[in-house]
Amino acid sequence: MALSDTARLTSGQSAIPPPRALPNWVVRGLSLSGLLVFWWGLSWLKADPMVLPGPQIVLPRLGAEAMSGALWHHLGATLWRVVQAFVAAMSLGLVLGILMGLMPRLNRWLDPWLVFFLNLPALVVIVLCFLWIGLNETAAIVAVAINKIPLVTAMLREGARALNGQLADMAQVFGMTRMARLRHILLPQLAPHLASTARSGLSLIWKIVLVVEFLGRGQGVGFKIHLHFQMFDVTMVMVYALSFIGVMLAIETLVLQPLEARARRWREA
Amino acid sequence: MSLHAAIHAKSFGALPVLRDVMFQVRRGEVLAVLGPSGVGKSTLLRLLAGLDADFTGEIRREGRLAMVFQEPTLMPWRTALDNLRLTAGVDATQAQAALARVGLAGKGGMYPGQLSLGQQRRLSLARAYAAKPAILLLDEPFVSLDTALVTDMLALTESVIAEQRPATVFVTHAQAEADRLATRQMMLGALA
């Protein structure tokens, strides 16, 4: 059927492993271990722990920071900002993207705005938000959300443009409620776009959150990186960067991938 | 009377498509709409279904509407059973009965992609059947099927219509299909 074929084409994120290949988690583990060895090799070549400390220096400091509780405090603060900005950007971008995808006239008027905001540098938005709203939490979340909304809108507009008109007709003829159409017709078709938007969204948002924290917050991973940057403590900069990458890897593995697998179940049945 | 159409004019921009199409279809009647392709048969059906309100005239529908489309038009991410439950608004037992009625007993847990094209067509018919419609619209439901499947589906559709007696409008370009199913026939001609 034509629809499932297009959906198959757009799914594409993580391919099914060929038969007799290593399981995904083994490949992931080996790949990350390789990165660790690469890092260790570079630090061994540099032979200056002030400039590039190896894993054998960074990992014990990470453990100590975790034991003291400071790590969790700052990771939590950053994660909470990421979650708030993510929810705001995804929901607003979803609505805007669907409306622009389904209404060509609205799209004609809003498209120049979209191009404008897509090309507005993140740093400019952050600085302006801090200047206009103040050096506070609201400004931080708003700045990150404004940076991300145009991207979500653009990606979901593509999804909405590819919606199957015949299914919409069918739903109308059979008198499906608005809620049922949203749940059973619209969202399943947008699921691949939502998944890729969520993935690229998370990775972008936490990077912007770090810049926001670097410039104007008193806690969070970005704040700690700023602090240790001023003291030229490369080890601690790496401790905080690594631990947040770890958090993001965990979210990817424990939340995003299972959700995606569930949305994809019908294709693999 | 279940379906009453008085369409004075329908056009796409400057291009007129339908003019002065008037008919009524009562329950138990099957009106076949014939005509060459591009003459406006599908447009007429979209007006009847309420999918296009941009015309002058009036269409009155009494009772529940169901439609069988040219393509099966199923939700590929929902099981066969859910495709019936969510659209026809029936419970699982009624949906199972509708599946059995079209020869798909035991296939309720399968996704449309796991069914053959013939089975998908049957599922599409089962959806209309489960809705127990007062008005049934058929939009060339047998087009692009091989001969054996057409014979099969015609017989099934005929028995379903005989059982539920909806007011049926059947768009087709095959005279033989119209002769088989219809109680009345209407030929759409090109506008001068």
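Is B:Thr73 buried or exposed, judged by the other C-beta atoms within 10 Å? In this predicted model, B:Thr73 is buried, because 25 other C-beta atoms lie within 10 Å. The residue is placed in the loop between strand 5 (65-68) and helix 2 (80-88) of chain B. Its backbone also deserves attention: B:Thr73 has a positive phi of about 50 degrees although it is not a glycine. Most residues other than glycine have a negative phi.

A:Ala47, which is not a glycine, has a positive phi of about 55 degrees. This residue follows just after helix 2 of chain A, in the loop that runs between helix 2 and helix 3 (55-68) of chain A. A:Ala47 counts as exposed, because it has 9 C-beta neighbours inside 10 Å, whereas B:Thr73 is buried.

Helix 2 of chain A covers residues 24-46.

The view can now be widened to chain A as a whole. The C-alpha trace of chain A spans about 70 × 60 × 30 Å along its principal axes. Of the 269 residues in chain A, 33% are buried. Among contacts in chain A with a separation of 6 or more, 73% join residues 24 or more positions apart.

Helix packing within chain A can be followed in one pair. Two packed helices are described by the angle between their axes and the distance between the axes. Helix 5 (residues 104-118) and helix 7 (residues 137-161) of chain A pack at an angle of about 130 degrees, and their axes are 8 Å apart. That angle makes helix 5 of chain A oblique to helix 7 of chain A. The crossing of these two helices is left-handed. On the side of helix 5 of chain A, the residues that meet the partner are A:Leu114, A:Phe117 and A:Leu118, and they face A:Pro150, A:Thr153 and A:Ala154 in helix 7 of chain A. By class, this contact has five nonpolar residues, one polar and no charged.

Helix 4 (residues 117-130) and helix 5 (residues 147-164) of chain B pack at an angle of about 10 degrees, with their axes 11 Å apart. This makes helix 4 of chain B roughly parallel to helix 5 of chain B. Helix 4 of chain B contributes B:Gly118, B:Arg121, B:Leu125 and B:Tyr129 to the contact, while helix 5 of chain B contributes B:Leu149, B:Met153, B:Leu156, B:Thr157 and B:Val160. The residues of this contact comprise six nonpolar, two polar and one charged.

The description ends with the contact between the chains. Chain A gives 17 residues to this contact and chain B gives 20 residues. On the side of chain A that touches chain B, helix 1 (2-11), helix 8 (165-173) and helix 9 (178-216) of chain A each supply at least two residues. The largest share on that side, six residues, comes from helix 8 of chain A. By class, the side of chain A that touches chain B has twelve nonpolar residues, four polar and one charged.

One residue of chain B links this contact to the interior of its own chain. B:Met67 lies in strand 5 of chain B and counts as buried, because it has 27 C-beta neighbours inside 10 Å. Not counting residues up to four places away in sequence, B:Met67 touches A:Val173, B:Ala49, B:Ala128, B:Leu137 and B:Asp139. B:Met67 and B:Gly13 are 54 residues apart along the chain, and their C-alpha atoms are separated by 27 Å.

Note on methods. Residues are numbered from 1 along each chain as its sequence is written. Chains are lettered from A and ligands numbered from 1 in the order in which they are written. This is a predicted model: local features need pLDDT of at least 70, side-chain atom pairs count only at pLDDT 80 or more; totals for chains, interfaces and linings use all residues. Axes are lines fitted to C-alpha atoms, for helices over the stretch in contact, and angles run from 0 to 180 degrees between N-to-C directions. Helices (H or I, at least four residues) and strands (E, at least two) are DSSP runs, numbered from the N terminus. Angles under 35 degrees count as roughly parallel, over 145 as roughly antiparallel, 65 to 115 as roughly perpendicular and the rest as oblique. A crossing is left-handed if the near helix is turned anticlockwise from the far one by less than a right angle, and right-handed if clockwise. Two residues are in contact if their C-beta atoms, placed from the backbone, lie within 7 Å. Ala, Val, Leu, Ile, Met, Phe, Trp, Tyr, Cys and Pro count as nonpolar, Asp, Glu, Lys and Arg as charged, and the others, Gly among them, as polar. The expected span of a helix is 1.5 Å times one less than its number of residues. A residue is buried if 20 or more other C-beta atoms lie within 10 Å of its own, exposed if 12 or fewer, and partly exposed in between; C-beta atoms are placed from the backbone.
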